[in-house]
Amino acid sequence: MTTTLSVLQEELSSVNGELKTLEIQIQELLEHQQELLQKKTVLEKKIKQFSESESGSSKEINSSTEEWNKEDFPWSTTVRDALQNTFKLRKFRSLQLETINVTMARRDVFLVMPTGGGKSLCYQLPAVCSDGFTLVICPLISLMEDQLMMLDHLGVSATLLNASSSKEHVKWVHSEMLSRSSQLKLIYVTPEKIGKSKMFMSKLEKAYQAGRLSRIAVDEVHCCSQWGHDFRPDYKLLGILKRQFPNAPLIGLTATATSHVLHDAQKILCIQKCITFTASFNRPNLYYEVRQKPSTAQNCMEDIVKLINGRYKGLSGIIYCFSQKDAEQVTMSLQKLGIKAGTYHANMEPRDKSKVHKLWSANEIQVVVATVAFGMGIDKPDVRFVIHHSMSKSMENYYQESGRAGRDDQKADCILYYGFGDIFRISTMVVMENVGQQKLYDMVSYCHNMTRCRRVLIAHHFDEAWDSASCNNMCDNCCQEALVEKMDVTGHCQDLIKILKQVDQMREKFTPLKLIEAWLGKGLSRLGVEVVAPKVPRDVLERIVAHLILQQYLKEDFSFTAFATISYLKTGPRADLLKNKAHVITMPVILNKKSITKVGSGPLSSQGSSTGKKIAVTHKKRSHSEDHIQAKKARTGGNEDDEPVMIED
């Protein structure tokens, strides 16, 4: 009887296991169905837009680009005169004229335009052509200072108000807001000013009643939405502006926003009807490259210094770092090696930040080493390189930060150093954000991909279709031809899950670093787990772990202390799928023996080699310039007969 009972219980346990596995598979299918339905909706919407554009039916909403791409409006002569004589420009860029005409017609408009596309002109020029002043809401002081320097150079009267403004300056601005003889055309403020200064709102109301508030510009409008990549609570307070000043046209501008984020921003800003113009994300002059980050800080700095002293000698650039501490350390390293560099981050004194900004703008220092506090709205045209010392926390951030290069439409490089450890440094920072972790994982997927065109990957993220043939070899993946194979990593996953389950039973926790060390055999005897240490380079092991996290066989688990947030790894929701012996986990890999080449490091490439790994490809495809591709050695931790492996998701 006992034997029969134990057999039945074992069978019941097996059935329960299979049911759980089926539940996971059903959930996966439902999630995939939801993704396909969303994709279907997007495609149907795009088809409808194309159809309406061809049939002319879009005229009913009076918002087609053709409708506004004209120069026969009452204000057109004034606008053209200001473009040429005040802003010293010969012609408009894509969608600038349309956006300017809409706001001059006193209609609300949203503009989605790539970084460097010329968004600021769309409210600066109308401000010059209108009576009264334009109120500009910006998230960063550096953005305001950059634009004020440029406007001052052009002879346009503009100012800013922030916490460090003197009482005398505040009093003068308040007076100018109401004076009919004032020449002040733009007033820049942070969103905090709108939400927290009753005095300023009082003056703004009087200016509106006197007909002095000509329009409201909300820069980086994606900051309104909690679904955006850079949500700022103070932006949610800006809805008061349209409620209090309904007849003042509003223009919202951003370089990175999905349709969902834009709709959310419109609701928050209390805009009933809004014309939206969306430019293509593509910046054809930018070369995108992802490099494996060297394992030590010293090697990473050596790689960056070789680039700056070689390919970018005498050229202006930006290095983005994860933290203020990183930015300061990188700056010191560069300065010791004779490179003129300055640090820029949020905790610096306003005076020091302004000094660095102005020195860099005047080419008196070559490199600004910064956190994300630097950059939004930066309008220096001759930035030849943007290097990410660590990857960005989202695709939106990366696209915006890298977009500070090449605003003069000349070729420029965007190089990103991807490091396994950076995933978890960033995840502990974004864990409290609404969609922060998923956005980070999207960024990791981009870094892992070593075959698809970088522009196609970016386009896919922003719901835009893109043909890789149009890249013109302006990304690392399009400059190489790789043989891709599927690698079975099921056994590796089973070993990792075996270790993590044993650790969990012992009521311990493993960080990603500790998990890899255990996988390599360190401390396994204490755990009582038998696992054969894999004989592949450490960076490959790290990529396997990252791949399994992205595929949800492993997951991050966070612990909060008084001083820090720590990321541990646990078994993920898809781990139970491995109970089915037929279940296989594969990963695309590039396997090439003795065929490691340096794949082009950008159109500015001229000299110098690098330790940052770009892995094993068969041979070069096309090249957009003869000096684009150079030989490069990759260190795989073994001798020259070892087979380097690049994993791509």
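The protein chain holds 22 helices and 18 strands, where helices (H or I, at least four residues) and strands (E, at least two) are DSSP runs numbered from the N terminus. This is a predicted model, in which local features need pLDDT of at least 70 and side-chain atom pairs count only at pLDDT 80 or more, while totals for chains, interfaces and linings use all residues. Residues are numbered from 1 along each chain as its sequence is written, and side-chain values use heavy atoms, with hydrogens and water left out.

Of the 649 residues, 54% count as buried; buried means under 20% relative accessible area, exposed over 50%, and partly exposed in between (1.4 Å probe, protein chains only). The accessible surface of the chain comes to about 30,400 Å², with 51% of that belonging to carbon and sulfur atoms (Shrake-Rupley method, 1.4 Å probe; for residues, only the protein chains shown count as cover). Among contacts (heavy atoms within 4.5 Å) with a separation of 6 or more, 77% link residues 24 or more positions apart.

As for confidence, pLDDT is the predictor's own score for each residue, from 0 to 100. The chain averages 83, and 84% of the residues score at least 70. Two stretches deserve a mention here. Over residues 53-63 the pLDDT is below 50, and this stretch has 13 contacts beyond near neighbours in sequence. Residues 606-649 also have a pLDDT below 50, with 139 such contacts in the model. Where pLDDT is low, the predicted coordinates should not be read in detail.

Now for the sheet. Seven strands form an open sheet in the order S3-S4-S2-S5-S6-S1-S7, with parallel pairing; two strands pair if DSSP finds at least two bridges between them. Strand S3 (158-161) and strand S7 (275-278) stand at the edges with a single partner strand each, so one side of each is left without a neighbour in the sheet. Neighbouring strands are turned by 20° against each other on average, direction ignored. (Axes are lines fitted to C-alpha atoms, for helices over the stretch in contact, and angles run from 0 to 180 degrees between N-to-C directions.) Strand S2 (residues 133-137) is joined to strand S4 (residues 186-189) by four bridges, the two running parallel, and Thr-134 stands opposite Leu-186 in S4. Packed on the sheet is helix H5 (residues 121-129), which touches strand S1 (109-112), S2, S4, strand S5 (213-219) and strand S6 (250-254). The direction of H5 makes about 140° with that of S4.

Strand S1 is covered on both faces: Val-109 and Leu-111 are buried on one side, Phe-110 and Val-112 on the other. S1 pairs with S7 in the parallel sense over four bridges, and Phe-110 has Thr-276 in S7 as its bridge partner. Four bridges also join S1 to S6, again parallel, with Val-112 partnered by Thr-254 in S6. Cys-270 sits in the loop between helix H11 (259-268) and S7. Its phi is near 60°, a positive value in a residue other than glycine, and at 25% relative accessibility Cys-270 counts as partly exposed.

Further along, strand S10 (residues 341-344) is likewise covered on both faces, with Ala-341 and Thr-343 buried on one side and Gly-342 and Tyr-344 on the other. Four bridges join S10 to strand S11 (residues 367-370) in a parallel run, and Tyr-344 is bridged to Ala-370 in S11. S10, helix H14 (residues 350-361) and S11 make a right-handed β-α-β unit; right-handed means that, with the strands pointing away from the viewer, the path from the first strand over the helix to the second runs clockwise. Trp-360 lies in H14 and counts as buried at 0% relative accessibility. The C-alpha atoms of Trp-360 and Ala-341 are 8.6 Å apart, at 19 residues along the chain.

Helix H18 (residues 454-461) has seven of its eight residues buried, so it is largely enclosed by the rest of the structure. The buried residues include Arg-454, Arg-455 and His-461, and the buried set packs against strand S8 (286-292), helix H15 (395-402) and helix H17 (436-448). Just after H18, Asp-463 takes a positive phi of about 60°. Arg-507, in the loop between helix H19 (490-505) and helix H20 (512-519), also has a positive phi, near 60°, and counts as exposed at 80% relative accessibility.
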